[in-house]
Amino acid sequence: MAAENQSQTSQSDLPCVLILKPPPSFALFGDHFLDSPKFQYLKAYESPLPLSQFLHTHAQSVQAILSSGGAPVTADTIRLLPRLDLVVTTSQGLNHIDLSECRCRGIAVASAGTIFSADCADSVVGLLIDVLRKISAANRYVKQGLWSSQGVYPLGYKLGGKRVGIVGLGSIGTEVAKRLEAFGCSISYNSRTKKPLAPYTFYPNVVQLAANCDALIICCALTDETHHLINKEVLSALGKDGVIINIARGPIIDEKELVRCLVKGEIRGAGLDVFEHEPDVPVELFELDNVVMSPHNAVFTWESFEDLCKLVVGNFEAFFSNEPLLSPVALDHLPQFSG
Amino acid sequence: MESIGVLMACPMNPYLEQELDKRFTLHRFWKVPDKSTFLTSHSNSIRAVVGNASAGADSQMIEALPKLEIVASFSVGLDKIDLAKCKEKGIRVTNTPDVLTEDVADLAIGLMLAVLRKLCESDRYVRSGKWKIGNYSLTTKFTGKRVGIIGLGRIGMAIAKRAEAFSCPISYHSRTEKPEIKYKYYPSVVELAANCDILVVACSLTEETRHIINRKVIDALGAKGVLINIGRGPHVDEPELVSALVERRLGGAGLDVFEHEPEVPEELFGLDNVVLLPHVGSGTVETRKAMADLVLGNLEAHFLKKPLLTPVV
C-alpha cells in the first residue's frame, strides 16, 4: 500500500499529456506503447465525463496533447486549455490540427517529420511496378491455378524510361524521385514553389505535368488548394497510357471522375492507398485488374512504428526538459488546411 | 529467304511468329502431331531453330537436323540449348541480352516490395471488404534491408543499382570475386544467405547452379529471410522451398519461375508471404518487341552472311 501511495505521489508530479482518442498504434501495440517515466497521459477517452467537462476539470494540468488523424485538435479544444504549449501528432499529415490557432497561441507543433517518407516512397514504387507489371493480378491468376489451365498471362508495360511526374516535391516526393531515377525514369514535378536545388523539370501546373508524364504520383499535402486537384482535366491530360499513384490523401483526387476514367479505359491504371471516404472504396474498382489498392497502410511497418515511438516520446521528453523538439513543424507561411 | 526452313519450338510471341512466317518457311513445332516423324521428313530444309526459356534445341533435336545452322533464342537464358553440341557441330547460337535486363531487374524489386509490404495481400484485403471491419496488419519495411545477389551479371548489377536507391546494403556471390565491384563478396551461397535479409537468384542455370538454393541455404536465410527467384526454376530445390515456407522456417518468397512450369506447387497458393508470377520477367510489350526484333535481326544477319548481333556460340 505504501509503495502504491508513493508511486501515486510521484505520478501526480509528472507533467500531463492529453490524449483525446487513442492513436492507431495503441490498437496495434497496447496503450502503454508511448509511455515514458518523464510524463503521464490523461486519457479523455477513458473518462466517463463528457469531453468538455473533462477538459474543464484538467484545464490547468494539460501542457501538451498527443494527437493523430482520428483525434483532431480544433480551435475549440485549444481555447479550453490555457496551459497548452505543445501538440505532437503521430502522423506526417497536419490537416487535422488547427495550425493557425496554434500559431496565434504560440503553441509548438511536432509531427512524425520524415520518418515515414521512406516507407511511403517504397509504397509508391511498389504500387507503380505492380500496376505496370500486373503483379497483384498475375499473382491472383497463378494462385487460382489459371496458369496451367489458361496459359500465358497478358504482357505488362516497361517501367524503365517512363516519365514520372511528382505532385509535391517534399520529403516523400524527393524519396520517390531518388528511387525511380535508379529505374531509368525521368523525373518532373509540380510544387507550390519551384525548388531551385532539385535537378528535375518543373511544370507550373498539374495539367502540364500530367500531359508530359506517363506516371503521375501524388505526394502533396491535402489543403484547400489541393482538394480535387486531380480532376477531369488532369486525368484527360494524363491520357490512356498514363498511370496514377496516390499515397497522399483521397480527397486530392476527384474520385468519381477517376473511377469513370478507369472503368472506361481512359487511363492505363491506378495504385491507390487512400480514398475519399475511407474505408469505403468504390466497388467498380474491384472489377479492374489494372487497379491496385491498399488500406491506407503505406506507413504501417513494424520499423516505422518503432521509429515513431522513439520520436513521439523523444519530442515530449525534450519539451518537458526545455530542450529543442526533435521534429518541430514551422508554423510560418501556412497554407489553409482542409478540415 | 522464303525457302529457308525455320522451326519455332513453342508459341512465344505473335509478332515474332508473324514476321518469321513472312520472311521464312515457318514450322510451328507445337502444332506437329508426330514430332519425330516431322523432324525426319524436314531434316533437309530446317536451317534455323527459334527457342525460348521453355523449349530450345536439345541434343536429340540437333542430331535430327543435319542442316541446322543457327539456334536463335527468344530469351537470355540458354539452359534449354545443348551448347556443347552446337559448338561441336559449328551451329551458331544467339540470345537476347541487354534488352530485357531492366524489366527483369524491375520485377525483382517489385517482388521484394510485394512480399515485404504484402502488396498483393493488401489489395486482396481491400477487395474483400475487410477494411470496413479493421485495419490490415503491419508489414516489413524494405528500405535499408540487406540484399544478397547470386550472380552479378547484367541483371544482378541492375538489381543492385535499384536496391541501392532504397539504401539497401548489397552483397553478392558469383563464380569469381569481382575486385572492381564495391559490394561485399561472400565465397559461398550459405554465407551470403546468412548475412542478408533478401536473397535474389540472378545467375544463369548450369550444371553447377542447379539447386543452388538448397536446404542449407534456406536454413541460413532463415525465418525472417526472403527468397526472390527471377532466374530459372531449377535453381531452387522446390520441394525443400515449399516445406520451408509451409512450416514457416523461411520468412517469404517472390517467385517468377518454377521447376515444372506452368505447374506451381499448390501448397503455396494459400500463403500470404508468397507472391507467385507466371514467368513474366521480360513480359512487357516494349521488351518482347525488342527481343523479337533481336531474334529476327540475328537470323537475317546470319543468312545474309553478316556478323551476328548477339552471338553466344
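A salt bridge, as the term is used here, is a side-chain nitrogen of Lys or Arg within 4 Å of a carboxyl oxygen of Asp or Glu. One such pair joins Lys132(B) to Asp280(A), with 3.2 Å from N to O.

Colleagues, this is a predicted model, in which local features need pLDDT of at least 70 and side-chain atom pairs count only at pLDDT 80 or more, while totals for chains, interfaces and linings use all residues. Residues are numbered from 1 along each chain as its sequence is written, chains are lettered from A in the order in which they are written, and side-chain values use heavy atoms, without hydrogens and water.

I turn to the interface of the two chains. In contact (heavy atoms within 4.5 Å) are 60 residues of chain A and 57 residues of chain B. Together the chains bury about 5000 Å², of which 61% is on carbon and sulfur atoms; buried area is the accessible area (1.4 Å probe) that two parts lose on being put together, summed over both. Of the area that chain A buries against chain B, Arg133(A), Lys143(A) and Trp147(A) supply 16%, more than any other three residues. The rule finds seven salt bridges across this interface.

Next, the domains of chain A. An automatic or database assignment gives domain 1 (2–115 + 302–320) and domain 2 (117–293). Their C-alpha centres lie 35 Å apart. Six residues of domain 1 are in contact with six of domain 2. The area buried between these domains is about 470 Å², with 32% from carbon and sulfur atoms. Gln92(A), Asn95(A) and Thr114(A) supply 69% of what domain 1 buries there, more than any other three residues. Between the domains, the count of salt bridges is zero.
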